[in-house]
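Hello,

Here is the structure I promised to pass on. Please have a look at it first, and then read my notes below.

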Amino acid sequence: MAQILDGKRVRDEILEELKPRIAQLTRKPGLAVVLVGNDPASEVYVGSKTKTCAELGMVSEKLTPPATISTEELLQIVADLNAKPEIDGILVQMPLPRHIDTQRVLDAIAPEKDVDGFHPTNVGNLSIGRPGPKPCTPSGVMELLKRHQISVAGKHAVVVGRSDIVGKPMAMLLLHAHATVTICHSRTADLAAECRRADILVGAIGRPAMLTRQHMKPGAVLIDVGINRLDNRDEVVKIFGETSEKTSAFDKRGSVLVGDMHPYDAAELSSSWTPVPGGVGPLTIAMLMVNTVEAAERRQA
Ligand code: NDP
């Protein structure tokens, strides 16, 4: 019987461990979240980030400039936050409106306050194994593996997806943990064959249930980073069948969340796997809190 990797339990453990560290600081850690415009999904993400801060007794500041803000004006907001002593972490919620120069905005965040780990300085630190904030979702995956006693050293890890926020840093963290790493993407010649070589397979694609039994080596550890919302019943039925739990959930709610891996195949073939929701997802915010507390610790040292 495959083990389900429980992201909620690990998230709770990580948050619990932060409490004494926060209590030791001379000042409460402060996180500023900049939410441009009113994209409903982003509002939900930002809401859970500020709520988690409050639960931990951390300070959060939410800035909500309108979608019409210019790049220059947004850069000024970032500069002000960089200069604010009580702010330890700055997060600019992605995606930004098209007219904004996202790269310039991310580059403007002071590296020591870059709790997403997206600044080129921190990407470099990660690459050469120096301390610094690491992108939250991939570092959450590493915690999930570690806290389920899944060893990585010597394993063959295959990461499907090469984005700057998930795929590439994921591959780098697995490499630092001594896995032999293969990175796959949309131009990979024989994706199924590459994936079937994986002892640890990570899906970070953004395509509902794309990785199926033909991509899974029996006994592999399957980590599903994908979060895809399906709001078309035919699509749900095509993947899960008419009489499945997901289809009944869809009929109740009008949409369902699906990962990049087929969960029934994962449950049948893997040694351990992450459900969606409830697997990798909960860890992203936990690791954001870790990065903010660590930024505060470094700034107060
Ligand atoms: P991106 O769209 O930036 O990257 C997707 C990657 O998948 C690309 O590298 C792309 O390849 C690759 N890809 C796309 N189609 C295929 C294909 N048919 N075969 C092989 N590779 C393919 O997505 P993100 O990395 O930002 O996110 C990936 C998923 O993770 C999404 O579902 C997202 O919602 C989820 N996510 C979840 C988080 C969490 O908290 N759990 C946090 C962040 C993201 P190429 O480079 O060649 O185009």
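**A buried histidine, and what lies beyond**

His 156 counts as buried because its relative accessibility is 12%, under the 20% cut-off. Do keep in mind as you read that this is a predicted model.

His 156 sits in strand β5, which covers residues 156–160. Leaving aside residues up to four places away in sequence, His 156 touches Thr 180, Thr 182, Arg 197, Ala 198, Asp 199 and Ile 200. With one of these, Thr 182, there is a polar contact from side chain to side chain, at 2.8 Å. As for Pro 282, it is 126 residues away from His 156 along the chain, and the two C-alpha atoms are separated by 25 Å.

On to the overall layout. The chain is divided into domain 1 (26–111) and domain 2 (136–283), and the C-alpha centres of the two domains lie 29 Å apart.

Next, the nonpolar cores. The largest one has 47 residues, and the members that touch the most others in it are Leu 145, Leu 174, Ile 223 and Met 289. Helix α12 (residues 281–300) gives the most to this core, contributing nine residues. Both domains take part as well: at least three residues come from each of domain 1 and domain 2.

Not counting residues up to four places away in sequence, Leu 174 touches Met 142, Leu 145, Val 152, Ala 157, Val 159, Ala 179, Val 181 and Val 202. There is also a second, separate core of 18 residues, with Val 34, Leu 74, Ile 77 and Val 92 among them.

Finally, the ligand. Which residues come nearest to it? Of the 22 residues around the ligand, they are Arg 162, Ser 163, Ser 186, Ile 227 and Thr 284.

- Ser 163: an N or O atom of its side chain is 2.5 Å from a ligand oxygen.
- Ile 227: a polar backbone atom is 3.1 Å from an oxygen atom of the ligand.
- Arg 207: an N or O atom of its side chain is 3.3 Å from a ligand nitrogen.

Taken alone, the ligand exposes 930 Å², and the protein buries 70% of that.

Best wishes

Key: Residues are numbered from 1 along each chain as its sequence is written. This is a predicted model: local features need pLDDT of at least 70, side-chain atom pairs count only at pLDDT 80 or more; totals for chains, interfaces and linings use all residues. Side-chain values use heavy atoms; hydrogens and water are left out. A nonpolar core is a set of buried Ala, Val, Leu, Ile, Met, Phe, Trp, Tyr and Cys residues joined through side-chain atoms within 4.5 Å. Buried means under 20% relative accessible area, exposed over 50%, partly exposed in between (1.4 Å probe, protein chains only). Helices (H or I, at least four residues) and strands (E, at least two) are DSSP runs, numbered from the N terminus. Domain bounds come from an automatic or database domain assignment. Contact means heavy atoms within 4.5 Å. A residue is near a molecule or strand if one of its heavy atoms lies within 4 Å of it. A polar contact is a pair of N or O atoms within 3.5 Å; within protein, one must be able to donate a hydrogen and the other to accept it, and residues adjacent in sequence count only if both atoms are side-chain atoms. Accessible areas come from the Shrake-Rupley method with a 1.4 Å probe; for residues, only the protein chains shown count as cover.
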